[in-house]
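Morning, everyone. I will take you through one model today. Please have a look at it first.

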Amino acid sequence: MTTEVLIDEAAEQAAFGAIIEADSRIEPRDWMPAAYRKTLIRQISQHAHSEIIGMQPEGNWISRAPSLKRKAILMAKVQDEAGHGLYLYSAAQTLGITRDEMTEQLIEGRARYSSIFNYPTPTWADMGAIGWLVDGAAICNQVPLCRASYGPYGRAMVRVCKEESFHQRQGFEILLTLMQGSPAQREMAQDAVNRWYWPSLMMFGPPDDESPNSAQSMAWKIKRFSNDDLRQRFIGMLVPQAEVLGVTLPDPELRWDDEAQRWHTSEIDWTEFHEVLAGRGPMNVERIRNRRNAHDDGAWVREAAAEYARKQNEKAVAA
Ligand SMILES: [Fe+2]
Ligand SMILES: [Fe+2]
């Protein structure tokens with residue numbers, strides 16, 4: 001390596017550091033450290049996969065939603081998640097990975113996505129619990145990402161977050177309606193909250209002392225708050241809402257600790273989290289199988305689009 005190249009790289013590194021320091025944004029054409037690029041590709045593509053796989057547990061209920069209104073709302077919500085996946089795949093593409101590569105990683109089971117989507121949705125109340133708890137946790141995680149140092153990611157998150165707050169309210173409203181219904185409906189709502197509560201707390205990732213990459217992500221201003229801080233913030237949001245709903249959060253230890261100024265909770269079952277993440281959750285195999293089948297079924301659409309583009313190009317050249 002020549003001295004000139006070394007000086008250039010040092011200058012680039014300094015310029016990058018200054019942008020981060022100033023809370024400004026890194027854009028696709030800017031120089032960035034290879035590790036920053038790699039971290040973003042991993043995080044944004046995992047996020048995109050989560051949105052796409054996340055369509056399945058709710059898609060399961062579109063044909064069985066209890067009224068036309070509920071069906072229209074649920075369809076719009078699931079469609080929003082597809083849109084979130086697409087903004088995020090586009091943001092990841094600006095870092096130099098192709099959509100095809102990301103799709104391949106997902107359907108071959110090499111990519112990760114949020115472990116929450118590997119749980120089943122046996123009842124209608126699950127649609128309420130997912131909106132309230134899963135989209136609620138997503139909001140807590142994603143609002144700070146609107147200020148992520150990488151421009152395309154932060155900007156995509158702004159729109160995503162607006163839609164997530166609609167998702168959360170629709171889930172809350174489903175649960176509220178059930179809680180005002182018959183004893184069987186109330187029981188169904190409580191049962192769904194019991195099943196989704198702990199997995200939703202796991203959505204913030206492992207505890208801070210077991211989250212080795214967090215410090216670097218925070219230094220790069222991709223991540224703004226630690227996993228445990230976000231989890232605390234989420235619990236603080238849930239407690240008053242649970243009271244309005246009349247549901248019980250399934251943790252007998254849950255209480256505000258005035259001295260520590262934080263929520264005291266029971267121990268989270270991290271073994272379950274790691275099992276599901278490793279592909280051994282109740283629905284992992286089915287989720288990937290469905291995604292692979294959908295990809296195969298869509299081959300003709302991709303071929304037709306490519307052929308159309310080729311013909312248009314031919315015409316343009318001829319003209
Ligand atoms: Fe989403
Ligand atoms: Fe959502």
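Let's start with one residue. Leaving out residues up to four places away in sequence, Ile 268 touches Trp 198, Leu 201, Met 202 and Arg 231. Contact here means heavy atoms within 4.5 Å.

Some ground rules. This is a predicted model, where local features need pLDDT of at least 70 and side-chain atom pairs count only at pLDDT 80 or more, while totals for chains, interfaces and linings use all residues. Residues are numbered from 1 along each chain as its sequence is written, chains are lettered from A and ligands numbered from 1 in the order in which they are written, and side-chain values use heavy atoms, with hydrogens and water left out.

Back to Ile 268. It sits in the loop between β2 and α11. Helices (H or I, at least four residues) and strands (E, at least two) are DSSP runs, numbered from the N terminus. Is Ile 268 buried or exposed? Ile 268 counts as buried, because its relative accessibility is 11%. The cut-offs: buried is under 20% relative accessible area, exposed is over 50%, and partly exposed is in between, with a 1.4 Å probe and protein chains only. Pro 207 is 61 residues away along the chain, yet the C-alpha atoms of Ile 268 and Pro 207 are separated by 9.5 Å.

Both residues also line the second largest pocket. Others in that lining include Asp 228, Arg 231, Trp 263 and Trp 270. A pocket is an open set of points on a 1 Å grid over the protein atoms alone, where a 1.4 Å probe fits, with protein on both sides within 12 Å along at least five of seven lines; lining residues have an atom within 4 Å of a point. The most comes from α10, with 4 residues. By type, the lining holds 5 nonpolar, 3 polar and 4 charged residues. Nonpolar covers Ala, Val, Leu, Ile, Met, Phe, Trp, Tyr, Cys and Pro; charged covers Asp, Glu, Lys and Arg; the others, Gly among them, are polar. The volume is about 250 Å³. That is the space filled by probe spheres set on the points, with grid points joined across faces, edges and corners.

Now the largest pocket. Its volume is about 1,300 Å³. It has 46 lining residues, and the closest to its centre are Gln 43, Gln 46, Met 203, Phe 204 and Gly 205. Which helix gives the largest share of the lining? That is α2, with 7 residues. The lining divides into 18 nonpolar, 17 polar and 11 charged residues.

Next, α6. This helix also supplies at least two residues of the largest pocket's lining. It has 18 residues, 125-142, so at 1.5 Å a residue it should span 26 Å; its end C-alpha atoms are 24 Å apart, which agrees. The expected span is 1.5 Å times one less than the number of residues. The helix α6 bends by about 25 degrees at Gly 131. That bend is the angle between axes fitted to the seven residues ending there and the seven starting there. Of the 18 residues in α6, 17 are buried.

Thr 121 counts as buried, at 7% relative accessibility. Its contacts beyond four places in sequence include Pro 57, Trp 61, Ile 130 and Trp 196.

Last, backbone angles. Most residues other than glycine have a negative phi. Asp 23 has a positive phi of about 60 degrees. Lys 221, in the loop between α9 and α10, also has a positive phi, near 60 degrees.
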